[in-house]
Amino acid sequence: MSTSHRQHLRAGYSRRAFLEGAVAAGAFGLIAPSLLARGAAAATMKDGEVLTGSHWGAFKAKVEDGKWVAVTPWEGDPHPSHQLPGIMDSVYSPTRIRYPMVRKAFLKDGPKADPATRGTDDFVRVTWDQALDLVVKELKRVEETYGPAGTFAGSYGWKSPGKLHNCQNLMRRMMNLKGGFVNSSGDYSTGASQIVMPHVMGTLEVYEQQTVWPVVVDNTELLVFWGADPMTTNQIGWVVPDHGAYPGLKAFKESGKKVICIDPVRTDTCDYFGAEWVAPKPQTDVAVMLGVAHTLYAEKLYDEAFLNDYTVGFDKFLPYLTGQTDGTPKTAEWAAGISGLDANLIKDLARRFAKNRTMLASGWSLQRQHLGEQRHWMLVVLASMLGQIGLPGGGFGLSYHYASGGSPGANGPVLPGITDGGKAVEGAAWLTESGAATIPLARVVDMLENPGKDFDFNGTRAKYPEVKMTYWVGGNPFAHHQDRNRMVKAWQKFETVVVQDFQWTATARFADIVLPATTSYERNDIEQVGDYSLRAILAMKKVIDPVFEARNDFDIFADIAKRLGKADAFTEGKAEMDWIREFYDAALKQAQAKNIEMPDFDTFWNEKGIVEFDVTAGNSFVRYADFRADPLLEPLGTPSGKIEIYSKNIEKMGYDDCPAHPTWMEPVERLGGPTTKYPLHVVTSHPKDRLHSQLCGTKIRDLYTVAGREPCLINTQDAAKRGIKDGDVVRVFNDRGQILAGAVVTDGIMPGAVRVREGGWYDPADPGKPGALDAFGDANCLTVDMGTSKLAQGNCGHTAVADVEKFTGDLPKVKVFDTPTNA
Amino acid sequence: MTHIAPLADARVRAYRWLAGLFARELTAREIGGYRAVQGQALLMDLARSTPALAGGVEALRAALRAETPDTELALDLAGDYARLFLGVARRQAAPPFASAYLSERGLLFQEATRRMENVLRYHDLSIPDDFKEPADHIAVELTVMAELAGRGAVTDNPAARRLRAEQADFLDIHLLTWLPDFARDCAQFDSRGVYGALATATHDFITDDRTRLAA
């Protein structure tokens, strides 16, 4: 307040007179007593800087008057993300869920409320007690009426990091105490590869440490990024990222060695390296790889000894490659016809791959497509033919773009975290896989539409359960799931939807009961720094008090468990700091056994708040070096112990959409496909300025929106044909949906492709109406909702063809954000 | 001049009544109370003693006249309240915080909140634990005005002038900076019109009050 104002108050003020006036007014019954109490509020949070962490990295939060006012990256971060300031924005956003809320019709009529009004109906505030009583009543009702398979608790999403307030584990911990539930397996990032790779390499591969960057910098001669944009996507990590890939990327750039980016878009990575840009038609990568493989074979550039010693099944694959089995030799010319690349370029790639120490670093876009299993499998076959797997800087890698795969590993301990059950309950019959049933998670809409229908998955066949209730926490399926309009309709099959989150996501708006959770910055937690490097253990200290009535996930679920009569089983008698101390002490014990120095918990928590570990042997790690050195003593986890170019296990499954060796098959739709209706492929890359949909509601959005909407990259020729100019609002549409976006006309994307990054907040002009025009640009209004194949049933978030036109109708306002209306 | 003193009780009543309406949803019991004779008398009195409130009072009375049961009307109005004030409808709403209107990006808990916290601290007041709103919530600001206005009738002397000046200052700094935008948003986004009319009435009343304080 102004100085003059303060002086006025001081001069004329009598406290007694002040309060007595208010009391007199209270005599009118309906005029509530004064909101305010006598006595100044005590400050609960100290001013100063608090070190904490996030999916974007570790940072210091500056606190003044109990308010979070600034963000500074942790000084140990070699490449802080430019998205950090958006975190503070999200915490203080007017879109925070502030109180427990219940959909009005649901409060009145319970589960008989019309599900069709979900998403448009009003919400009403209730007390925490009312809300939790209602949640428990529904959990019990559904369990009693429909049995354990009536509740879907396969909640997925990028919950916040932290070993204790892991909301998804906590929710399933509560669900396990309640009884049964339907769980989900897999994720939306690597659905296809994480299922096929264990058959091929014996590991998930997508979440494994890569040959480390110092080795790549010293040894790799040709670095190929195949559908990967590591400069963009390494900003984020599932735990607290160390950003250890960036010094490696920089050192490689400084070495001046060759980089090739194979991508429909000239990515930031491509620009950073000044790389050679190769742009095949999207979804034709298997054909390109086969063309390269055929060239290697025809020109005898492949490593026969490696194939003999380290792989099985090349003999069964070869007749397919040469066309002996199907009459179609997979020549470079054949591949050129499908991919649109020049046949000579394909041959040239083969020769250069063979001539150099080549690292084939692939992203996950390739496998988030129909028939996605084939892509990385074929990449492995290619790498096997090149024979460099296990050599320093050679082979292939499926995580150079994610969470700084290849960041050298430290010698530190592993920090445990809260579990979803197990030893928590004495005498309980824990299932080995939590849950009454499990579905591949991207099939959730298919499950809702087809209860009782058989589905195939990785050699098993099961029936979809009939679920009537879901509890979603730490995720936003109305962002990450495909074919939004199909989903909006299927969502009506739920009788009861509970969503627990910190902000009004699209999913929260399609819920019946909405519970406000704290953000990471309103509670204490602990986490590791570096998904692959495990470089440090970080105290994620509370920055500010919880806003409004937000509560910690742990406390919410503990209260639900209490209502179920399972309070002790849930909490094990431990509160927040007891758990954090226990996790730390478990790590400390490992450290002591390994003779690694680590302070005791109190010193760690009260002093630095971070303990860093040394990188020693981690600096020279070469993936599969052990296997290469001795394939008999260090076999792979596959049935043969070798790389499986041909999988007998997959052969036994007999799937028409996933044969026993990598195969080119036409995806359901693609650019230039034989039965494809629309002329443009929609590239739905991971965002540069968001984590999927996270931070879309913050100031970071100013960095990228065009005409206030998600940008749509379109090639100069495609734009000219359609009369589209840079900055125009365009409508991108197909039979599944339609979105508005802001045109960016550029030669940085190949003709025939447009790019709308995934994660734009769903903003239907007519909520709940099938086919509603999305005003901001949610790419998943356009994508295909089907399994990659019967093998993995992964999502196809990169499979979408559409057309684009300049939008000339009445422009619907973007309503989804918190931009002040007077701005 | 001195004509402000006789109005003091009515002003306090008006500020407190409005604060209560914006602080929380009306309960079914309160709706029953307003529908009873005493409640109707209170509304008439408010409209008579503070004419700027007449529009807001009439909108509320119109809603009360409908044959909706108390519980149902409470639910309907609670839905309106949540959409406008509790963040459900994102920004198709009227966030009841100075910060939402005065900070660069419409965030909460910004400078305006801290300034109101200073005001409360200066007056040795605090927000009790059961009201989980920041200090720049409109209900808190209206309550502070009620308390400033209710310090009693001091007649024409330098102290009275100072009291008027401090109230005028408070309105200028903490309320009139954002109230017009808030009232506009309420009117624009409220479907039933009760809260929209009440916000407009709040704006009208405070504009009048500010003029009187300057007189």
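This is a predicted model: local features need pLDDT of at least 70, side-chain atom pairs count only at pLDDT 80 or more; totals for chains, interfaces and linings use all residues.

**Notes on the model**

1. Now the area of that domain contact. Domain 1 and domain 2 of chain A bury about 2,100 Å² between them, and carbon and sulfur atoms give 63% of that. On the domain 1 side of chain A, look at V265(A), R368(A) and E373(A): they supply 28% of the area buried against domain 2 of chain A, more than any other three residues.

2. What about charges and polar pairs here? The rule finds one salt bridge across the interface of domain 1 and domain 2 of chain A. Between the side chains of K688(A) and D268(A) there is a salt bridge, with N to O at 2.9 Å. The count of residue pairs in polar contact across this interface of domain 1 and domain 2 of chain A is 13, with both residues at pLDDT 80 or more.

3. On to the nonpolar packing. As a rule, nonpolar side chains in soluble globular proteins tend to be buried together. In this model the largest nonpolar core has 218 residues, and those with the most contacts inside it are W68(A), W226(A), F353(A), F396(A), W17(B), L175(B) and F182(B). Helix α17 (residues 373–386) of chain A gives the most to this core, namely nine residues. Domain 1 and domain 2 of chain A each contribute at least three residues to this core. There is another core apart from it, with 57 residues, including A105(A), L134(A), L177(A) and A410(A).

4. Which residues does W226(A) touch, not counting residues up to four places away in sequence? They are I262(A), D285(A), V288(A), M289(A), F353(A), A361(A), S362(A), G363(A), L366(A), L379(A) and L382(A).

5. Next, the two chains together. The contact takes in 79 residues of chain B and 74 residues of chain A. Chain B and chain A bury about 6,900 Å² between them, 58% of it from carbon and sulfur atoms. In chain B, the residues that lose the most area to chain A are R90(B), R105(B) and Y122(B), which together make up 13% of what that side buries.

6. How many salt bridges does the rule find across the interface of chain B and chain A? It finds nine. R105(B) forms a salt bridge with D702(A), and their closest N and O atoms are 2.7 Å apart. Across this interface of chain B and chain A there are also 17 residue pairs in polar contact, both at pLDDT 80 or more. Helix α5 (residues 70–85) of chain B gives the most to the side of chain B that touches chain A, with ten residues.

7. Is R443(A) buried or exposed? R443(A) is buried, because its relative accessible area is 4%, under the 20% cut-off. R443(A) sits in the loop between β15 (437–440) and α18 (444–449) of chain A. Its side chain makes a polar contact with that of D785(A) at 2.7 Å. Leaving out residues up to four places away in sequence, R443(A) touches Y464(A), D785(A), M786(A), G787(A) and Q793(A).

8. Last, two loop residues of chain B. Q92(B) lies in the loop between α5 and α6 (98–102) of chain B, and Q92(B) counts as partly exposed because its relative accessibility is 21%. Beyond its neighbours within four places in sequence, Q92(B) is in contact with K815(A), R83(B) and F189(B). A52(B) is in the loop between α3 (37–49) and α4 (54–65) of chain B, and A52(B) is buried, with a relative accessible area of 15%. Not counting residues up to four places away in sequence, A52(B) touches A201(B), D204(B), F205(B) and D208(B).

Definitions and conventions. Residues are numbered from 1 along each chain as its sequence is written. Chains are lettered from A and ligands numbered from 1 in the order in which they are written. Side-chain values use heavy atoms; hydrogens and water are left out. A nonpolar core is a set of buried Ala, Val, Leu, Ile, Met, Phe, Trp, Tyr and Cys residues joined through side-chain atoms within 4.5 Å. Buried means under 20% relative accessible area, exposed over 50%, partly exposed in between (1.4 Å probe, protein chains only). Helices (H or I, at least four residues) and strands (E, at least two) are DSSP runs, numbered from the N terminus. Domain bounds come from an automatic or database domain assignment. Contact means heavy atoms within 4.5 Å. Buried area is the accessible area (1.4 Å probe) that two parts lose on being put together, summed over both. A salt bridge is a side-chain nitrogen of Lys or Arg within 4 Å of a carboxyl oxygen of Asp or Glu. A polar contact is a pair of N or O atoms within 3.5 Å; within protein, one must be able to donate a hydrogen and the other to accept it, and residues adjacent in sequence count only if both atoms are side-chain atoms.
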